[in-house]
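Subject: Structure for your files

Hello,

Here is the structure I said I would pass on. My notes come after it.

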Amino acid sequence: MYDQMLAEMKTRMQPVLDLAETNKKVMETMANVQKEAMTDVVNASMEQMQELAKCQDPKAAFDLQVKFYKALEAKMADTTEKNLAALNEAKEAFAAVVETSAKQAAAEVEEAVQKVSAQVKVA
């Protein structure tokens with residue numbers, strides 16, 4: 001009886017475990033994306049400072065800054081797209097788990113109703 005109860009508890013908790021695993025994967029993905037983005041920004045900033053130090057002409061410095069900010073904007077847009085993709089993947093996984101769990105719960109309720117109806121008819 002204990003083994004059966006433990007197995008049933010494990011079955012009931014599986015959707016929660018699936019959601020936790022999905023959440024973990026998404027957080028790891030987003031952390032890696034952020035780490036890469038920050039590394040790229042720091043490296044690009046260092047390179048930008050070195051290039052600006054070499055500039056003698058204000059127009060050249062301005063052009064360098066414009067180029068830098070455009071590259072930075074592109075990097076941030078790419079980072080945002082990657083994060084949104086990870087979040088959308090998680091949303092789809094969550095929706096699938098919730099849908100499956102809801103269907104399972106509905107089936108169990110239907111089965112219980114049928115059992116009770118059969119018992120009422122017998123009595």
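Below is what turned up, starting with the salt bridges and ending with a surface patch and one distance.

Please keep in mind that this is a predicted model.

Salt bridges

Searching the whole structure gives eight salt bridges. Side chains of opposite charge can pair when their charged atoms come close.

In helix α1, which covers residues 2-54, the side chain of Glu8 forms a salt bridge with that of Arg12, at 3.6 Å from N to O. Glu8 and Arg12 are four residues apart in this helix, about one turn. Glu8 has a relative accessible area of 43%, so Glu8 is classed as partly exposed. Arg12 is also at 43%, and therefore Arg12 is partly exposed.

Helix α2 spans residues 58-122. Here Asp78 and Lys82 are joined by a salt bridge with an N to O distance of 3.4 Å. Again the two partners, Lys82 and Asp78, are four residues apart, about one turn of helix α2. The relative accessible area is 36% for Lys82, which counts as partly exposed, and 30% for Asp78, which is partly exposed too.

Further along helix α2, Glu99 and Lys103 sit four residues apart, about one turn of the helix. Their side chains meet in a salt bridge of 3.2 Å, N to O. Lys103 is exposed, because its value is 56% and the cut-off for exposed is over 50%. There is also a network: Glu8, Arg12 and Glu108 are linked by salt bridges that share partners.

Surface patch

Which residues make the nonpolar surface patch? Met9, Met13, Val16 and Leu17 do, and the patch comes to about 370 Å². Met13 belongs to helix α1. With a relative accessible area of 37%, Met13 is partly exposed.

One distance

Ala107 lies in helix α2. Its relative accessibility is 46%, so Ala107 counts as partly exposed. Along the chain, Ala107 and Asp57 are 50 residues apart, and their C-alpha atoms are separated by 75 Å.

Regards

Terms used
Residues are numbered from 1 along each chain as its sequence is written. This is a predicted model: local features need pLDDT of at least 70, side-chain atom pairs count only at pLDDT 80 or more; totals for chains, interfaces and linings use all residues. Side-chain values use heavy atoms; hydrogens and water are left out. Patches are made of residues with over 30% relative accessible area and no salt bridge: like charges are joined within 9 Å, nonpolar side chains (Val, Leu, Ile, Met, Phe, Trp, Tyr) within 5 Å. Accessible areas come from the Shrake-Rupley method with a 1.4 Å probe; for residues, only the protein chains shown count as cover. A salt bridge is a side-chain nitrogen of Lys or Arg within 4 Å of a carboxyl oxygen of Asp or Glu. Helices (H or I, at least four residues) and strands (E, at least two) are DSSP runs, numbered from the N terminus. Buried means under 20% relative accessible area, exposed over 50%, partly exposed in between (1.4 Å probe, protein chains only).
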